[in-house]
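Here is my note on the model you asked me to look over. Please keep the sequence and the structure open beside it while you read.

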Amino acid sequence: MARYFKLVCLHDDPAFLLAEFRARRARFGWSPPGTDLREIREKQWTSWTDQDKLTWRYTKFLIDRIAPGDRVVIQMEQPIEKLVIGEVIESGYDFAPGNLEDFNHLLHVRPLTHDPIPVNSKEVSLALKHDLSKRGHYYEVYPEASLQELGSLVDKATSGSLDLRALRTDEDNLDRT
């Protein structure tokens, strides 16, 4: 079963992040120009700048924990309203060229969902919403039921049977309980 990581990617323009995701790039923050994790890792610790230390602290998981084949669940707004899911492809971590002030870290992904999935959709259980609402800028999703439900969301998105219009009701919550 694939590993799933939840990433909180809060940008002033969520539409930019969604367009990038659809272009196979999952962008993550804490990354002004010159903070490529591969370059920071190669430097001697004593030569790290304060920005290097801060960037490494908050983003090293992108190269230390997430690997090709892992899946990322991306939240682009606070509080969580919608999510997209992608699979990290072979090229994995990269640093975007250019002069963006932030969101230069990226993971090369194959989008598994095209349209954002509302967390209050009938397709998303209350338990999964809870597991995707934890604090932190990233974390691995562990509960087995949530992993299975995420896999089911991907399968439905792939087959075109994912209903993004119907909202979850109290009756749905009781039925699943």
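The points below go from the whole chain to single residues.

1. A word on the basis of this note comes first. This is a predicted model, in which local features need pLDDT of at least 70 and side-chain atom pairs count only at pLDDT 80 or more, while totals for chains, interfaces and linings use all residues. Residues are numbered from 1 along each chain as its sequence is written, and side-chain values use heavy atoms, with hydrogens and water left out.

2. On confidence, the protein averages a pLDDT of 93, and 95% of the residues score at least 70; pLDDT is the predictor's confidence in each residue, from 0 to 100. Confidence is highest in strand β3 (residues 71-75), with a mean of 98, and lowest in helix α7 (residues 170-176), with a mean of 61.

3. The secondary structure consists of seven helices and seven strands, where helices (H or I, at least four residues) and strands (E, at least two) are DSSP runs numbered from the N terminus. Followed along the sequence, these elements give the pattern β-α-β-α-α-α-β-β-β-β-α-β-α-α.

4. How does the radius of gyration of the protein agree with that of a compact globule? A compact globule of 177 residues would have a radius near 16 Å, and the protein, at 17 Å, agrees with this; the radius is taken over C-alpha atoms, and the globule rule is 2.2 Å times the number of residues to the power 0.38. The C-alpha trace spans about 60 × 30 × 25 Å along its principal axes.

5. Of the 177 residues, 45% count as buried, a word that here means under 20% relative accessible area, with exposed meaning over 50% and partly exposed in between (1.4 Å probe, protein chains only). Among the contacts with a separation of 6 or more, 71% are between residues 24 or more positions apart, a contact being heavy atoms within 4.5 Å.

6. Helix α3 (residues 50-59) has Asp 52, Thr 55, Trp 56, Tyr 58 and Thr 59 as buried residues. The buried residues of α3 pack against β2 (25-28), α2 (37-42), α4 (61-64) and β5 (105-111).

7. Thr 158, in helix α6 (residues 144-159), is 46 residues from Leu 112 in sequence and 6.9 Å from it in space, C-alpha to C-alpha. Ile 63 and Arg 135 are 72 residues apart in sequence, and their C-alpha atoms are 21 Å apart. Thr 158 counts as exposed because its relative accessibility is 63%.

8. Some backbone details deserve a check by eye. In the loop between β3 and β4 (82-95) lies Pro 79, which a cis peptide bond joins to Gln 78, with omega at about -5°.
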